[in-house]
Amino acid sequence: MKLYVCFWLIFAVSNFIQFQPWDKDNTKLFVIWVFVATAVVSLVIQKLWRAPSFVAKVFAVFVVISLTLSGTMMLYRESTLWWQVNDPEDQDFGGWIASNTEADDIFIVND
C-alpha cells in the first residue's frame with residue numbers, strides 16, 4: 001500500500017506539472033499509475049468477495065460489473081471516433097504536389 005501512495009503522488013504531481021515539452025507526454029505517467037491502481041482495485045475487490053458479509057459480496061459484483069461496463073463503453077466510443085488527419089483542401093494540395101513534382105524533389109518548408 002505504501003508503494004501505491006507513492007504512485008498516487010506521481011499521479012497528482014503529473015496533473016499539475018508538465019514534465020515534457022509536449023502537453024500529452026505526461027500520459028505515460030498516468031498509464032503507469034493505472035497499472036498500479038488496477039492491482040490495488042483488484043485486491044480490494046478480492047477482499048470484498050472474501051468477506052463474510054453478503055452485502056460485501058453483492059457490492060463486489062456491482063463494482064466488477066460497473067468497471068466492465070465502463071470499459072466497454074470506452075472501447076465502443078474509441079472504436080467509433082474518427083479523427084480527420086487532412087481536410088479536403090490539404091488532400092487536393094497533396095494530389096497537386098504528387099502530379100506536378102518528381103519523387104526526389106526537395107521542399108523547403110517552415111514548420
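**Entry 1: the nonpolar patch**

I began with helix 3 (residues 54–80), which gives the nonpolar patch its largest share, three residues. Helices here are DSSP runs of H or I with at least four residues, numbered from the N terminus. The model is predicted, so I kept in mind that local features need pLDDT of at least 70 and side-chain atom pairs pLDDT 80 or more, while totals for chains, interfaces and linings use all residues. I also noted that residues are numbered from 1 along each chain as its sequence is written, and that side-chain values use heavy atoms, without hydrogens and water.

Which residues make the nonpolar patch? I found Trp-49, Val-61, Ile-65 and Leu-69, with an area of about 380 Å². A patch takes residues with over 30% relative accessible area and no salt bridge, joining like charges within 9 Å and nonpolar side chains (Val, Leu, Ile, Met, Phe, Trp, Tyr) within 5 Å. The areas come from the Shrake-Rupley method with a 1.4 Å probe, and for residues only the protein chains shown count as cover.

I then looked up Val-61, which lies in helix 3. Val-61 counts as partly exposed because its relative accessibility is 37%; buried means under 20%, exposed over 50%, and partly exposed in between.

**Entry 2: the salt bridge**

How many salt bridges does a search of the whole structure find? The search gave me one. Arg-77 pairs with Glu-78, and their closest N and O atoms are 2.6 Å apart. To count, a side-chain nitrogen of Lys or Arg must be within 4 Å of a carboxyl oxygen of Asp or Glu. I found Arg-77 partly exposed at 46%, and Glu-78 partly exposed at 41%.

Next I listed the negative surface patch: Asp-87, Glu-89, Asp-90 and Asp-92. Asp and Glu count as negative and Lys and Arg as positive, with His and the chain ends not counted. Each charge is placed at NZ of Lys, CZ of Arg, CG of Asp or CD of Glu.

Asp-90 sits in helix 4 (residues 88–100) and is partly exposed at 39%. Helix 4 is hardly covered, with one buried residue among its 13.

Notes. Helix = DSSP H or I, 4+ residues; strand = E, 2+ residues; numbered from the N terminus. Buried < 20%, exposed > 50% of the residue type's maximum accessible area, 1.4 Å probe, protein only.
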